[in-house]
Amino acid sequence: MNNMTANPFDMQGKDINWCPGCGNYKLLDAVKDAFYELDLDRRNLVIVSGIGQAAKLPQYVNANMFNGLHGRALPVAMGVKLANRNLVVIAESGDGCMYGEGGNHFLHAVRRNYDITVIVHDNMVYGLTKGQASPTSRMGMETSLQFNGVMLEPFNPVAVSLALNAPFIARASAGDGEKTKAIIKEAISFKGCSIVDIFQPCVIFNKINTYQWFRENTYYLPDDYDPTDRKLAFEKAIETEKLPLGVIYRHEGRELYEDLLCITHIPSYEHEISEKAFEKMLEEYR
Amino acid sequence: MHHYADEISIVFGGAAGQGVQTIADALVKVLKRNGYYVFACTEFMSRIRGGSNSTEVRITGKERKAYVRGIDVLVALNAEAVDHLEERIGEATLVFAEKDHVEGKEIKNFIDTPFAAFAKQAGSPVFSNTVAVGVVLGLLGISLDAFLAYLSVQFASKGEEVVAKNVKAAKLGHDFGTETAARNRIQVTIKPADTSPDELLIDGNTALGIGTVAAGCSFISSYPMSPGTGLLTFLARRADDFDIIVDQAEDEISAINAALGASYAGARAIVSTSGGGFALMEEGISLAGVTEVPVVVHIGQRPGPATGLPTRTEQGDLNLSLYAGHGDFSRVILAPGSFVQAIELVQRAFNLADKYQTTVFVLTDQFFLDSVASVMKSEIVRLPVERHIIRTDRDYKRYRLTKNGLSPRGVPGYGDGIVKTDSHEHDESGHLTENFGVRRKMVHKRLQRLEQLSREALLPERFGPAKAGSLVICWGSNRGVLEEALERLKRKDLAGLHFSQLYPLSPEISGMLDAKNVIVLENNATGQFADLLNRDAGVRVSRKILKATGEPFSVEEVVEALQERQHE
């Protein structure tokens with residue numbers, strides 16, 4: 001934490017809509033501190049989110065924001081990034097938004113691999129709609145809708161991202177602010193589509209996956225873990241006994257969508273029509 | 001004796017993959033080079049191979065932009081084509097086909113045409129399309145020069161031998177056509193137009209594409225869906241020349257959201273789809289409404305509901321675009337009536353979207369997009385690109401309340417301010433709020449621009465006699481067919497009015513609708529525009545001429561429909 005100097009990403013006097021004790025507060029601090037420590041220019045930083053409690057995060061950060069629709073953070077983030085690749089773009093939302101409503105966009109964002117950081121607040125439950133199962137809810141959890149417990153296999157974002165050869169996949173736990181901040185910094189610095197799934201306790205609707213539960217059911221990958229080994233990463237991704245934290249997979253082998261599309265660094269608000277090309281095009285229809 | 005002095009309609013029919021389109025493309029190019037006014041339109045089945053497709057090529061002494069039902073010359077490439085087009089084959093229709101393709105059918109003017117034998121003689125059955133073009137040119141009494149030049153360019157990459165064989169095929173066909181004309185006393189004396197070196201030959205997709213490029217569009221994200229795909233393809237082909245970002249989206253929901261993201265960051269963004277794809281974009285239109293992010297939406301209409309008739313035409317999505325998206329907010333709906341108008345309207349769409357920070361729809365349809373016609377290069381209008389983007393200062397507020405409801409538009413990374421945009425109800429700075437007072441102001445802000453938009457609305461264009469007791473109203477692609485039908489009818493009591501802006505309507509239109517009888521002509525089942533005219537301009541429509549079969553109106557059909565009225 002940077003208590004000594006004011007963080008330029010802080011919002012003054014904002015009424016925050018989260019419940020007392022919510023994991024989102026810790027995540028908000030981690031994200032803002034990561035921005036500050038990376039010395040990002042808030043004028044060039046855009047945080048895109050969907051809908052849900054997690055998606056309110058950019059409301060509380062002093063930076064550009066596009067708070068869009070449920071599930072649609074990623075297409076918006078892509079549009080922003082492609083229209084002006086000089087911007088740093090973060091897509092931030094919850095597990096329901098990114099893996100449920102926006103599941104198809106998630107798959108194709110990883111396939112395209114444009115340079116953004118995807119931060120998913122994974123609390124394994126729906127908060128804003130009051131306690132229903134999320135795609136990552138553990139089997140057997142009783143909810144306000146799943147009265148006989150969750151019946152479905154949970155969505156595994158790490159394994160899915162790996163299957164799609166995402167170039168950067170990490171997992172963090174909001175309860176551990178310092179380590180979470182370090183992982184977010186690494187993800188933002190990475191050039192490509194970085195996926196960061198962050199465990200975040202919901203103190204109201206998820207009485208199972210609590211701060212304590214996450215402490216007891218996770219472990220940090222050791223220093224000698226090789227994150228460039230995809231097969232090893234798969235082994236880690238499908239572990240269920242205890243869930244690994246840290247950078248699970250990272251490799252430099254994928255080209256950026258921006259580069260594949262030959263997008264220049266001229267932002268599209270400065271777009272100009274080539275009159276020569278226009279004239280030449282018309283002549284083709286003679 | 002068959003004499004065609006003013007116009008002739010030639011139809012090519014065959015299975016998908018047989019080359020109907022290839023033949024028609026070659027023919028219209030050659031005719032255009034010979035200075036004729038040509039118009040071509042296509043109807044095809046939703047399949048890759050087989051079935052029955054046809055293309056109509058009209059040669060006219062005057063510029064025409066409409067489909068006619070009657071066929072003067074039919075070139076049938078298979079037996080099914082004759083069955084498929086049976087209703088359009090009349091007493092006078094000349095049918096060119098292989099003998100076994102018409103076996104057991106009663107055709108008065110059948111001309112046994114050995115396409116396959118000529119093609120074989122030229123070297124291979126694949127040349128039968130070239131033979132067909134040759135036959136038609138011979139029949140029309142047009143020299144082969146332009147076609148031979150076309151062939152040598154078209155097949156240059158395949159080597160001299162292929163070119164030579166095509167030339168031979170063309171000559172065999174041409175000789176046959178010439179002899180047939182002489183033997184059957186067929187005379188075509190349509191005068192070529194005063195050939196302007198200014199003439200370009202384009203289809204509807206190209207017209208939209210030229211307009212989009214001319215507007216300075218720099219971003220399209222779309223999911224392929226007929227007939228909306230053409231614009232996506234056009235821009236993809238031109239992406240490098242014009243620095244246009246082209247993204248094939250995973251679905252239409254992604255497409256519209258990506259376009260809004262790009263527009264938020266300063267791009268001029270468009271999406272292109274059809275009704276079914278647009279149905280998926282609706283939440284995005286609502287998002288554009290609340291965020292005031294400009295976007296242009298092209299809907300190439302085809303018949304619904306649901307999958308409907310994927311490759312056919314209809315004007316059935318006016319209500320869809322008029323009512324798309326939950327909540328109240330502004331929008332604009334445009335529908336071009338000609339290619340030249342389309343080029344201008346697309347530019348206007350982008351300027352309106354930016355100026356009024358709203359969604360602008362451009363409605364076309366399959367008939368319009370797949371039609372081919374000439375446009376004069378000098379008639380192509382270029383509008384100035386008006387972006388209305390400001391450099392932000394430190395205190396910038398994206399939704400600052402102003403007198404006219406429009407807040408100066410900043411984009412991230414340009415200036416010292418930050419730009420916050422929100423799908424929730426928000427305050428001036430873009431942060432979510434549940435304050436009822438703010439809500440009241442923001443609802444008003446978003447709707448206020450409708451009045452300005454209606455004052456700036458394009459007026460409908462009138463044609464026919466200046467004073468008439470009956471007024472026939474059409475919109476979008478039906479301009480050509482109505483104009484031609486009224487010319488044929490030559491009635492002093494019947495005038496036409498074409499709307500290229502459907503919403504909002506100008507307050508001035510009530511003065512233009514003073515006829516006793518108002519008739520509305522629309523390619524849909526319920527008269528969606530007639531309802532809108534009633535809703536927004538209080539117009540009492542006395543009669544609707546509607547068609548929702550999946551086909552465009554033919555000139556003859558409109559003439560008949562308007563004649564019926566006379567007899568009543």
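Okay, a bit of housekeeping. This is a predicted model, where local features need pLDDT of at least 70, side-chain atom pairs count only at pLDDT 80 or more, and totals for chains, interfaces and linings use all residues. Residues are numbered from 1 along each chain as its sequence is written, and chains are lettered from A and ligands numbered from 1 in the order in which they are written.

Let's start with the interface. Here 50 residues of chain B are in contact with 45 residues of chain A, contact meaning C-beta atoms, placed from the backbone, within 7 Å. On the chain B side, α9(B) gives the most, with nine residues. Helices (H or I, at least four residues) and strands (E, at least two) are DSSP runs, by the way, numbered from the N terminus. By class, that side of chain B has 24 nonpolar, 14 polar and twelve charged residues. Nonpolar there covers Ala, Val, Leu, Ile, Met, Phe, Trp, Tyr, Cys and Pro; charged is Asp, Glu, Lys and Arg; the others, Gly among them, are polar.

Now the sheet, which I like. It's open, has nine strands with mixed pairing, and its order is β7(A)-β8(A)-β5(A)-β6(A)-β4(A)-β3(A)-β1(A)-β2(A)-β17(B). Pairing takes at least two DSSP bridges between two strands. So which strands sit at the edges? They are β7 of chain A and β17 of chain B, each pairing on one side only. The twist averages 20 degrees from one strand to the next. Helix α6 of chain A packs on the sheet, and its direction makes about 160 degrees with that of β5(A). For those angles, axes are lines fitted to C-alpha atoms, for helices over the stretch in contact, and the range is 0 to 180 degrees between N-to-C directions.

At the chain crossing, β2 of chain A and β17(B) run parallel, joined by three bridges, and A:Phe66 has B:Thr421 as its bridge partner. On to β1 of chain A: four bridges join this strand to β2(A), again in parallel, with A:Ile47 opposite A:Met65.

A:Phe66 also turns up among the contacts of A:Val80, along with B:Gly261 and B:Tyr264. A:Val80 is one of the residues with the most contacts inside the largest nonpolar core, which has 243 residues. A core here is a set of buried Ala, Val, Leu, Ile, Met, Phe, Trp, Tyr and Cys residues joined through C-beta atoms within 7 Å. Buried means 20 or more other C-beta atoms within 10 Å, exposed means 12 or fewer, and partly exposed is in between, with C-beta atoms placed from the backbone. Helix α12 of chain B gives the most to this core, with eleven residues.

Next, helix α8 of chain A. A:Ala233, A:Lys236 and A:Ala237 are buried. They cover an arc of only 100 degrees around the axis, which puts them on the same side of α8(A); the arc is that of the directions from the helix axis to the C-beta atoms. On the other side, A:Lys231 and A:Glu235 are exposed. The buried ones pack against α5 and β8 of chain A.

A:Cys262 has a positive phi, near 55 degrees, and is exposed, with 10 other C-beta atoms within 10 Å.

Notes:
Two residues are in contact if their C-beta atoms, placed from the backbone, lie within 7 Å. Lists of a residue's contacts leave out its neighbours within four places in sequence.
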